[in-house]
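This report describes selected local features of a protein model. The sequence and structure are shown first, and the account follows them.

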2 protein chains.
Amino acid sequence: MSKYWNEKTKNISPYIPGEQPRDRKFIKLNTNENPYPPSPKVIEAIKNAANEDLRLYPDPSSTIFREAAAKKYGVKPEQVFAGNGSDEILAFAFAAFFESTETMLFPDISYSFYPVYADLWNIPYRTIPLRDDFSINCEDYKTPNGGVIFPNPNAPTGIPVPLAEITSLAENLLEQGKVLIIDEAYVAFGAVTAYPCIEKYPNLLTIHTMSKSAGLAGLRFGFAVGSEELIEGLCRIKDSFNSYPIDRLALAGAVAAIEDSAYYSEITAKITATRERTAKELRELKFTVLPSAANFLFVKAPDIKGSDFFAALREKGILVRHFNKDRISDYLRISIGTDEEMTELIKRCREII
Amino acid sequence: MSKYWNEKTKNISPYIPGEQPRDRKFIKLNTNENPYPPSPKVIEAIKNAANEDLRLYPDPSSTIFREAAAKKYGVKPEQVFAGNGSDEILAFAFAAFFESTETMLFPDISYSFYPVYADLWNIPYRTIPLRDDFSINCEDYKTPNGGVIFPNPNAPTGIPVPLAEITSLAENLLEQGKVLIIDEAYVAFGAVTAYPCIEKYPNLLTIHTMSKSAGLAGLRFGFAVGSEELIEGLCRIKDSFNSYPIDRLALAGAVAAIEDSAYYSEITAKITATRERTAKELRELKFTVLPSAANFLFVKAPDIKGSDFFAALREKGILVRHFNKDRISDYLRISIGTDEEMTELIKRCREII
């Protein structure tokens with residue numbers, strides 16, 4: 001604690017990202033990275049952009065990406081926002097759409113960055129418990145509130161929310177004049193995206209990342225799709241924070257990624273197949289495995305504490321994620337790796353239990 | 001204006017960056033970019049980092065950069081912070097060190113992003129007029145206040161502040177328990193950096209960018225050097241905003257840049273020589289030219305309004321920056337380009353006046 005920190009800095013509890021080991025070699029199943037490399041076209045585009053033009057500022061509006069995304073998703077470029085990872089977009093969205101005089105809502109078990117963003121911008125929030133089966137009940141959010149955010153599929157559970165329930169909630173919040181943010185970081189792995197509904201629901205913002213399905217966690221690129229007025233709100237905050245959050249290399253890579261659907265459909269299919277096979281094998285070992293539409297599984301081992309199981313896997317060279325939190329402290333979140341990595345995981349799980 | 005924007009978003013006046021032309025070819029002297037390309041070692045390092053590891057998150061702490069900078073500057077890695085451009089670090093610093101109950105100070109004519117950051121984080125501020133000769137008088141800031149920020153050399157004037165005046169102000173603010181931020185974006189071009197004083201002044205933060213002297217505006221990389229407690233304060237805000245603001249490519253490029261002092265000393269010397277020659281020739285044309293220690297000149301043409309002169313240069317294919325603001329509306333900020341570009345500028349100026 002320093003006397004030079006203001007009250008916000010003293011009181012905030014920063015988000016703690018998953019471990020990025022620098023020394024020991026692990027099978028890394030702890031931060032939901034893609035086990036497959038990005039498209040070769042992305043690598044090529046970045047190498048081509050590594051040139052003398054780096055002396056010049058990038059386009060502050062990331063226009064070429066917004067145009068490429070608009071073409072792919074059948075929306076207007078003005079309905080697309082680009083950011084330095086979806087985390088930055090989430091930070092901007094909390095700054096833009098939620099009021100410090102109204103209580104916003106998100107699930108009690110969800111992305112643990114949400115309460116940090118709320119505290120950063122002094123936004124009061126209330127968490128809504130998941131159902132006993134860890135699913136989100138959209139009906140619970142149809143109360144007077146300052147806005148709602150949750151991921152679909154939810155993290156760290158992996159459980160998807162049906163689109164009809166999301167649109168029904170969007171309708172309710174539209175009547176209240178409030179914003180609904182669907183954080184679609186993992187949507188490509190089995191949930192249904194809500195972006196086609198943005199024309200009907202100008203209060204609906206979907207946020208996407210290139211870190212998971214596009215295999216580009218190291219590039220830092222996210223984007224949002226929503227009504228022009230929501231996108232303009234994000235732009236106003238961005239332009240009050242950092243004019244150019246996206247560098248020329250990330251911009252080139254992101255455009256190449258969004259244009260190579262064929263490659264990404266293939267690796268996404270491989271990951272979901274590996275997920276289903278892994279879930280089946282873990283269930284055979286008497287694990288509780290929540291139904292996942294993401295690139296991870298949320299699992300409980302039989303007769304062993306979550307923290308102990310986490311430590312035992314780490315000892316055996318496998319990194320997974322453990323959240324020391326009510327209701328889920330006996331669960332582990334395991335990212336889906338390659339088939340070989342998951343075979344090794346199953347083997348190690350068998351040894352431990 | 002949208003009903004989904006909160007009060008902050010409705011009321012803020014975002015920063016407007018200099019024009020980045022997409023179509024017409026200009027001599028671009030409007031955003032203080034380096035006319036010379038980045039070091040070839042930087043390009044090579046980036047190309048090498050454009051590989052399959054992009055699927056993995058970067059190190060959230062940018063450790064290899066902090067170690068490289070610590071070695072170069074003779075400080076500890078814990079005294080170095082890395083950010084997505086110095087603009088992001090400025091945004092974090094306003095969030096971390098200035099209180100919404102105290103009035104911070106900066107010059108009336110300075111980087112026009114400062115009031116935007118203050119508004120973003122609800123920090124009250126008061127601007128202090130520059131002297132009549134447009135220099136900063138540090139004595140004016142020795143009053144009870146919530147903290148101070150200014151650039152050295154100042155922008156858009158280019159006038160440097162002597163180190164002894166900065167340390168004297170740091171001493172005064174140390175007694176008040178307040179932070180002094182020196183924004184050293186342009187320091188390499190002729191001012192004296194204050195970072196060697198951070199041991200004596202734990203309240204002193206120096207902020208640096210790779211966009212100007214390192215010729216990497218397109219890479220988005222900045223860093224700060226200060227006491228461990230100030231750097232930790234920045235980390236707390238960063239980790240409450242975006243765990244990984246720096247991608248793997250920018251990290252690799254920034255390390256290569258900080259290690260290639262020889263290349264950068266050479267191009268910095270060329271730019272300062274071109275600046276002095278340009279200033280001399282403009283003075284011969286009866287221009288008022290403020291004494292600059294930066295990679296730009298702040299100049300007033302004889303007998304022509306600033307906005308008219310800006311438009312006339314644009315018409316002739318030269319982009320410069322005009323600020324429509326009291327006291328400086330007849331001045332233009334002209335970035336230092338190559339010798340050829342500045343010869344063309346002089347020629348065009350002669351035609352206009």
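A:Arg277 is partly exposed, with a relative accessible area of 23%; the term covers values between buried (under 20%) and exposed (over 50%), computed with a 1.4 Å probe on protein chains only. Its side chain meets that of A:Glu281 in a salt bridge, at 3.4 Å from N to O. A salt bridge is here a side-chain nitrogen of Lys or Arg within 4 Å of a carboxyl oxygen of Asp or Glu. Both A:Arg277 and A:Glu281 belong to helix H9 (residues 261-284) of chain A, where they are 4 residues apart, about one turn of the helix. Helices (H or I, at least four residues) and strands (E, at least two) are DSSP runs, numbered from the N terminus. A:Glu281 is partly exposed as well, at 24% relative accessibility.

A:Arg277 also forms a salt bridge with A:Asp339, with the closest N and O atoms 2.7 Å apart. This pair links distant parts of the chain, since A:Arg277 is in helix H9 of chain A and A:Asp339 is in helix H11 (residues 339-352) of chain A, 62 residues away. A:Asp339 counts as partly exposed at 32% relative accessibility.

The model is predicted: local features need pLDDT of at least 70 and side-chain atom pairs count only at pLDDT 80 or more, while totals for chains, interfaces and linings use all residues. Residues are numbered from 1 along each chain as its sequence is written, chains are lettered from A and ligands numbered from 1 in the order in which they are written, and side-chain values use heavy atoms, with hydrogens and water left out.

Over all chains, a search of the whole structure finds 28 salt bridges. One in chain B joins the side chains of B:Arg314 and B:Glu19. B:Arg314 lies in helix H10 of chain B and B:Glu19 in the loop between helix H1 (7-11) and strand E1 (27-28) of chain B, so the pair ties together parts that are 295 residues apart in sequence. B:Arg314 is partly exposed at 27% relative accessibility, and B:Glu19 is partly exposed with a relative accessible area of 34%. In chain A, salt bridges that share partners join A:Lys316, A:Glu344, A:Arg348 and A:Glu351 into one network.

| Salt bridge | N to O distance |
|---|---|
| A:Arg277 and A:Glu281 | 3.4 Å |
| A:Arg277 and A:Asp339 | 2.7 Å |
| B:Arg314 and B:Glu19 | 2.5 Å |

The backbone is considered next. Most residues other than glycine have a negative phi, and most peptide bonds are trans. A:Arg220, not a glycine, has a positive phi of about 60°. A:Arg220 is located in the loop between strand E7 (204-209) and strand E8 (222-226) of chain A, and is buried at a relative accessible area of 3%. B:Asp303 likewise has a positive phi of about 60° without being a glycine, but is exposed, with a relative accessible area of 84%. B:Asp303 lies in the loop between E10 and helix H10 (306-315) of chain B.

A cis peptide bond joins A:Ala155 and A:Pro156, with omega about 5°. A:Pro156 is in the loop between strand E5 (148-151) and helix H6 (163-176) of chain A. In chain B, the peptide bond from B:Ala155 to B:Pro156 is cis, with omega near 5°.

In chain B, 4 strands form an open antiparallel sheet in the order E9-E10-E13-E12. Strand E9 (288-289) and strand E12 (321-322) stand at the edges, each with a single partner strand, so one side of each has no neighbour in the sheet. Two strands pair if DSSP finds at least two bridges between them. E9(B) and strand E10 (residues 296-300) of chain B pair over 2 bridges, and B:Val289 stands opposite B:Val299 in E10(B).
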